[in-house]
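Work through these exercises with the model open. Try each task before reading its solution.

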Amino acid sequence: MTKSALQIARAAYQPKLPKALKGNVKAVSGEATQSVADQEEIKKLFPNTYGMPLVRFEATAEPETCPAMNVGVILSGGQAPGGHNVISGLFDGIKRIHPDGKLYGFLMGPGGLVDHKYIELTSDIIDEYRNTGGFDIIGSGRTKLEKEEQFEKGYEILKELGIKALVIIGGDDSNTNACVLAEYYAAKNYGVQVIGCPKTIDGDLKNEMIETSFGFDTACKTYAEVIGNIQRDCNSARKYWHFIKLMGRSASHIALECALQTQPNICIVSEEVEAKDLSLDDIVTNIAQTVADRAAQGNNFGTVLIPEGLIEFIPAMKRLIAELNDFLAANADEFAQVDKAEQRNYIISKLTPENAAIYASLPEGVARQLSLDRDPHGNVQVSLIETEKLLSEMVGNKLAQWKKEGKYVGKFAPQHHFFGYEGRCAAPSNFDADYCYALGYAASALIANGKTGYMSSIRNLTAPAEEWIAGGVPITMMMNMERRHGEMKPVIQKALVKLDGAPFKTFAAQREQWAKETAYVYPGPIQYFGPTEVCDQPTKTLQLEQQKG
């Protein structure tokens, strides 16, 4: 296999470990925990794994006496940079505990466990993937582990391979599944431990014990590089407005982090839109006003960052989508008979006045996406809506109107971008390479200490890696009850952008200046070799949350 010069150099990189994980390790139990909400319901659903203590690892001079362990690992959900290093850290941790320990990778996500598709991960395979991006070592998938027959099918192969622990590397849904599986195996006394690892570029799996999810650092640095490049081009050509949509279905962490790194003219934060009950027209007017103000200074160019999930956070759009979902589900046959040219008017005539007015204001293409492109459950596929084009088209219409009224004299030429998949499999930054390796290593220590239903935790992340705090946190501690598909289910609580948090407040204090001036910052590509302040810095979000920014 041909390798680039960078791949060859990165293979030799030795990730930094917290000192607590170097040498022999002992687990120190902290205080008992409870779930973030709905304590009684969560306790009832997880009697064997609820209320367990926090765990912290410390270096010890005492020899560890642990037999060889066979462990299984699964990559679950969307890719995130650093997954291969979690597996490398887990492998090295298992081998350090006992050289005869084995690591099995289940192929293409949780489905590999159920369908008994796996490979043994040997040192030859692991060495090919150290410090590389992607999940291609064993592949990933989105099969949900929630049925008893899946748990039992999984147990058959775990028993056959002598696997005593399973590590699930995933986001909030995957770790919720890990918690359910841990509870099931504990209730049955199967002797199989389940450990989770916090993965998602969206950054929405975090709390006081999980300071950030892995992959967020690398993905944001990747997007920020390209946004910086676009801003340099934008400031050179001086004739385009770039509308840039960024991945992040629920939370706006990516958009906010990229804004802090690049200082665009506008960045929309979905959580603020919802809190202020802004309408689509409010957002469009705000953007148009910035465009007009910059044009008045002779600047007919700029950048707008848009979070992927924005539409679902606009309260009025949420109400429209809910009514559309209900109406189209109940009247599917009748709607199918309506002539294509008349479908828009038909829908407008059937909606409540408020929703009809919003629907009528939408550009033709977006209205069609809302009414026609529905998922198998009959719901509007919000992720298919090209929000960047919707906003630029509506801004263009508003500016044309203002031009007629003499309120605007500039030129408006929009360009559109969506940055998503480009960041999910990038070669991990030094921060993510180190963090992921430590997460995998800590997972092996949790297994060696007999823990189940825990998530691997590495904290104090703005300090040098040597000073990071390693341990584990019970997954039930992060749970609450939420309505999913019409019924209440235990799930890990998503962490949205906090409007009273330091990252948002820092952004909010500077955005008016960024809107008026051309204050662009150009972060450049991720640096792997060189001074530590360039190569090892964590995200602005982490620095501000821990007040080191």
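**Exercise 1.** Leaving aside its neighbours within four places in sequence, which residues is Tyr 408 in contact with?

*Solution.* Start with the ground rules. This is a predicted model, in which local features need pLDDT of at least 70 and side-chain atom pairs count only at pLDDT 80 or more, while totals for chains, interfaces and linings use all residues. Residues are numbered from 1 along each chain as its sequence is written, and side-chain values use heavy atoms, with hydrogens and water left out.

Step 1: apply the contact test, heavy atoms within 4.5 Å. Beyond those sequence neighbours, Tyr 408 touches Val 291, Ala 292, Ala 295, Asn 300, Leu 399, Trp 402 and Lys 403.

Step 2: Tyr 408 sits in the loop between helix 18 and strand 11. Helices (H or I, at least four residues) and strands (E, at least two) are DSSP runs, numbered from the N terminus.

**Exercise 2.** Why does Tyr 408 count as buried?

*Solution.* Its relative accessibility is 4%, so Tyr 408 counts as buried. The classes are: buried under 20% relative accessible area, exposed over 50%, partly exposed in between (1.4 Å probe, protein chains only).

**Exercise 3.** Describe how helix 11 meets helix 18.

*Solution.* Step 1: geometry. The axes of helix 11 (residues 280-296) and helix 18 (residues 387-404) come within 9 Å and cross at roughly 65°. Axes are lines fitted to C-alpha atoms, for helices over the stretch in contact; angles run from 0 to 180 degrees between N-to-C directions.

Step 1: residues. Helix 11 contributes Ile 283, Val 291 and Ala 292, among others. From helix 18 come residues including Met 394, Leu 399 and Trp 402.

Step 2: The contact divides into 13 nonpolar, two polar and two charged residues. Here Ala, Val, Leu, Ile, Met, Phe, Trp, Tyr, Cys and Pro count as nonpolar, Asp, Glu, Lys and Arg as charged, and the others, Gly among them, as polar.

**Exercise 4.** Which strands form the open parallel sheet, and in what order?

*Solution.* Step 1: four strands line up as 9-10-8-11, with parallel pairing. Two strands pair if DSSP finds at least two bridges between them.

Step 1: find the edges. Strand 9 (266-267) and strand 11 (414-419) each pair on one side only.

Step 2: Helix 8 (residues 216-237) lies across strand 8 (241-246), strand 10 and strand 11, at about 175° to strand 8. Helix 18 touches strand 8, strand 10 and strand 11, and its direction makes about 160° with that of strand 11.

**Exercise 5.** What is the order of the nine strands in the mixed sheet?

*Solution.* Step 1: the order is 1-2-13-12-7-6-3-4-5.

Step 1: strand 1 (25-32) and strand 5 (118-120) have a single partner strand each, so one side of each lacks a neighbour in the sheet.

Step 2: look inside the sheet. Strand 6 (residues 165-170) and strand 7 (residues 193-198) run parallel, joined by six bridges. Val 167 stands opposite Ile 195 in strand 7.

**Exercise 6.** How many residues does the largest nonpolar core have?

*Solution.* It has 112 residues; Val 167 and Leu 246 are among those with the most contacts inside it. Such a core is a set of buried Ala, Val, Leu, Ile, Met, Phe, Trp, Tyr and Cys residues joined through side-chain atoms within 4.5 Å. Helix 20 (residues 430-448) supplies the largest share, 12 residues. A second, separate core of 49 residues includes Ile 283 and Phe 412.
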